[in-house]
Amino acid sequence: MDDSEGGPARPAEGRIGEWPGDVARAEALQQRLAPLVREEHLDADAVSLVAGLDVAYSADDDVLAAAVVVLAAPDWRTVDSATVVAQPRFPYVPGLFAFREAPPLLEAVARLETAPDVLVCDGFGVAHPRRFGLACHVGLALDRPVLGVGKTPFVGSAQPPAAERGSWSPLVDGGEVVGRCLRTRAGVKPVYVSVGHRVDLPSAGDLALRLAPQYRLPEPIRSADRLCRERLAAAA
């Protein structure tokens with residue numbers, strides 16, 4: 001699938017605007033933008049190009065490396081990648097990591113020569129205190145399908161899913177289902193999948209499972225994690 005008209009993903013004008021530099025304005029922006037998130041069905045089996053996004057930080061937290069890696073089905077080989085090295089523009093505040101990570105990640109996405117069908121963030125979308133995590137920021141800025149996959153839940157709780165691969169249970173916060181606790185490998189710790197933008201939760205769960213044929217984490221995130229760490233080490 002590809003609705004990109006042949007070009008790489010570019011940030012959509014006017015969706016995010018200026019990136020706030022203080023906590024109060026950042027939280028207010030998340031609350032204002034959260035209702036704009038759209039959930040749409042996505043045929044996980046039809047997706048052929050997926051971008052993984054991740055960020056690595058230096059030991060003293062004064063430098064970050066953002067990486068985007070595009071993988072192609074069916075064997076999830078790398079077909080494109082881009083990195084950005086920068087200084088964090090926002091303080092370390094739980095729930096507001098997007099204001100540190102989204103700007104360099106979006107800059108890296110803009111450097112791609114390939115247009116991914118879907119983007120997968122190492123982090124969360126609506127599974128967030130204000131229902132607007134990193135995957136939502138990226139999705140709304142690009143107006144592309146985006147999902148978040150986290151290693152541990154940021155908000156809410158879930159019953160442990162069955163031990164078999166593909167088993168899942170709802171991630172619930174304040175009585176609201178905000179994600180899925182998904183078993184991508186039999187007998188291995190689950191991951192936590194949530195909607196970012198232009199994908200619904202069942203589709204996000206199906207795609208996350210398809211992207212993790214061998215390991216716990218989806219291949220695009222694993223690739224982006226390696227690349228951002230390598231780029232950070234090279235910049236040291």
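In the predicted model, L207 touches L42, A44, V47, V118 and L147, residues up to four places away in sequence being left out of the count, where contact denotes heavy atoms within 4.5 Å. L207 also belongs to the largest nonpolar core, which has 43 residues and in which V120, F132, L147, V149, V193 and L207 touch the most other members; such a core is a set of buried Ala, Val, Leu, Ile, Met, Phe, Trp, Tyr and Cys residues joined through side-chain atoms within 4.5 Å, and buried means under 20% relative accessible area, exposed over 50% and partly exposed in between, with a 1.4 Å probe and protein chains only. The largest share of this core, five residues, is supplied by α5. A second, separate core comprises 26 residues, among them A51, L53, A135 and V138.

Residues are numbered from 1 along each chain as its sequence is written. Because the model is predicted, local features need pLDDT of at least 70 and side-chain atom pairs count only at pLDDT 80 or more, whereas totals for chains, interfaces and linings use all residues, and side-chain values use heavy atoms, with hydrogens and water left out.

Helices (DSSP H or I, at least four residues) and strands (E, at least two) are DSSP runs numbered from the N terminus. Helix α3 (residues 134–142) is largely enclosed by the rest of the structure, since nine of its nine residues are buried. The buried residues of α3 pack against α1 (23–33), β1, α2, β4 (118–122), β5 (146–150) and β8 (191–197). In helix α4 (residues 201–210), the buried residues are L201, S203, A204, G205, L207 and A208, and their cover includes β4, β5, β7 (176–182) and β8.

A search of the whole structure finds zero disulfides, a disulfide being a pair of cysteine sulfur atoms within 2.5 Å. C136 is in no disulfide, the nearest cysteine sulfur, that of C121, being 9.1 Å away; C136 is buried, with a relative accessible area of 0%. The sulfur of C228 lies 12 Å from the closest cysteine sulfur, in C121, and is therefore too far for a bond, while C228 is itself buried at 1% relative accessible area.

The largest pocket holds about 650 Å³ of space. It is lined by 31 residues, of which F97, E101, D122, G123 and F124 are the closest to its centre. On a 1 Å grid over the protein atoms alone, a pocket is an open set of points where a 1.4 Å probe fits, with protein on both sides within 12 Å along at least five of seven lines, and lining residues have an atom within 4 Å of a point; the volume is the space filled by probe spheres set on the points, which are joined across faces, edges and corners. The elements giving two or more residues to this lining are β1 (49–57), α2 (98–110) and α5 (219–235), and α5 gives the most, with five residues.

Most residues other than glycine have a negative phi, and most peptide bonds are trans. In the loop between β1 and β2, D61 has a positive phi near 65° and counts as partly exposed at 30% relative accessibility. R131, in the loop between β4 and α3, has a positive phi of about 60° but is buried, with a relative accessible area of 18%. The peptide bond from A73 to P74 is cis, with omega near 5°, and P74 lies in the loop between β2 (64–72) and β3 (77–86).
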